[in-house]
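Me: Hi! Could you walk me through this one with me?
Reply: Happy to, let's have it on screen.
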Amino acid sequence: MAGQTERVIEGQRMEAQEQIDIRFMTLDDVDAVVELEHLSFTTPWPRDAFVNELTINQHAKYVVVTSNGKVVAYCGMWVILDEAHITNIAVHPQFRGRKLGEALMRQMMGMAVLYGGKRMTLEVRPSNLTARNLYAKLGFTEAGRRKNYYSDNQEDAIIMWVTLHE
Ligand SMILES: CC(C)(COP(=O)(O)OP(=O)(O)OC[C@H]1O[C@@H](n2cnc3c(N)ncnc32)[C@H](O)[C@@H]1OP(=O)(O)O)[C@@H](O)C(=O)NCCC(=O)NCCS
């Protein structure tokens, strides 16, 4: 993944001393990822959920972005046959707006193709305009809604899909 990583992060070094890397998530990253999860979501996934994803779920692929070795973003997906499903993506609040979320999503889309994915889907809150803009920029389009999907406020979920290209 190293060569691909270098292309993805090109232009992401904000200052000479900062080293941005993107790599697969390991169990050693889980504490930092859970911290990020709490900073980013009203109903964060518990630690066990990430451990199970990394150790049991053979369809799960999780990636982290590090800045000078510190986890500052992550994204996960399941690839089942030719469909990839993004489970979650978050960027540390202090690192948002620097195209890391976009780079991560592009990385996941590229990886999904390598695993045989032809389409990718995700759910997003109608109120999450930042994420919706990001997904629209990447070619995702709205395909429907799941009523009362989010348990904290019963907000609907917008279901989005994109066709993946090799
Ligand atoms: C959504 C999220 C992952 C975006 O990551 P990011 O690194 O801040 O976004 P990027 O800098 O890569 O921006 C990429 C695109 O997203 C959109 N975007 C980013 N910040 C935005 C903002 N403040 N307002 C509106 N759109 C925004 C834009 O389309 C942007 O492209 P552009 O700069 O060419 O216009 C990040 O805001 C986040 O972690 N949010 C909290 C968790 C979350 O909501 N996850 C998604 C759940 S579905």
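Me: Let's start with Q154: is it buried, partly exposed or exposed?
Reply: Q154 counts as partly exposed, because its relative accessibility is 45%. Do keep in mind that this is a predicted model.

Me: Where does Q154 lie?
Reply: Q154 sits in the loop between β6 (141–146) and β7 (157–163).

Me: And what is its phi, that of Q154?
Reply: Phi of Q154 is near 60°, which is a positive value in a residue other than glycine. For background, most residues other than glycine have a negative phi.

Me: What about N68, what's phi there?
Reply: N68 also has a positive phi, near 50°, and N68 is a residue other than glycine. Its place is in the loop between β2 and β3.

Me: Is N68 buried or exposed?
Reply: N68 counts as exposed, since its relative accessibility is 51%. The cut-off for exposed is over 50%.

Me: Which residues is T66 in contact with?
Reply: Leaving aside neighbours within four places in sequence, T66 is in contact with Q19, I20, D21 and R23, and also with V71 and V72.

Me: Switching to helices. Which residues of α2 are buried?
Reply: Helix α2 covers residues 30–40, and its buried residues are V30, V33, V34, L36 and E37. Seen down the axis of α2, these fall within an arc of 160°, so they line one face of the helix.

Me: Why would residues three or four places apart point the same way?
Reply: Because an α-helix has 3.6 residues a turn.

Me: What's exposed on the other side of α2?
Reply: On that side, E35 and H38 are exposed.

Me: Pick one of them, L36. How accessible is L36, and what does it touch?
Reply: L36 counts as buried, at 2% relative accessibility. Not counting residues up to four places away in sequence, L36 touches V71, V72, A73 and Y74, plus A90, V91 and H92. V71 and V72 are also among the contacts of T66.

Me: How far is L36 from Q19?
Reply: L36 and Q19 are 17 residues apart in sequence, and their C-alpha atoms are 19 Å apart in space.

Me: Zooming out, how many helices and strands are there?
Reply: The protein chain has five helices and seven strands. Along the sequence the pattern is α-β-α-α-β-β-β-α-β-α-β-β.

Me: What's the radius of gyration?
Reply: The protein chain has 15 Å, which agrees with the value near 15 Å for a compact globule of 166 residues. The C-alpha trace spans about 45 × 35 × 35 Å along its principal axes.

Me: What share of the residues is buried?
Reply: Buried residues make up 46% of the 166. As for contacts with a separation of 6 or more, 58% are between residues 24 or more positions apart.

Terms used:
Residues are numbered from 1 along each chain as its sequence is written. This is a predicted model: local features need pLDDT of at least 70, side-chain atom pairs count only at pLDDT 80 or more; totals for chains, interfaces and linings use all residues. Side-chain values use heavy atoms; hydrogens and water are left out. Helices (H or I, at least four residues) and strands (E, at least two) are DSSP runs, numbered from the N terminus. The radius of gyration is taken over C-alpha atoms; the globule rule is 2.2 Å times the number of residues to the power 0.38. Buried means under 20% relative accessible area, exposed over 50%, partly exposed in between (1.4 Å probe, protein chains only). Contact means heavy atoms within 4.5 Å. The arc is that of the directions from the helix axis to the C-beta atoms.
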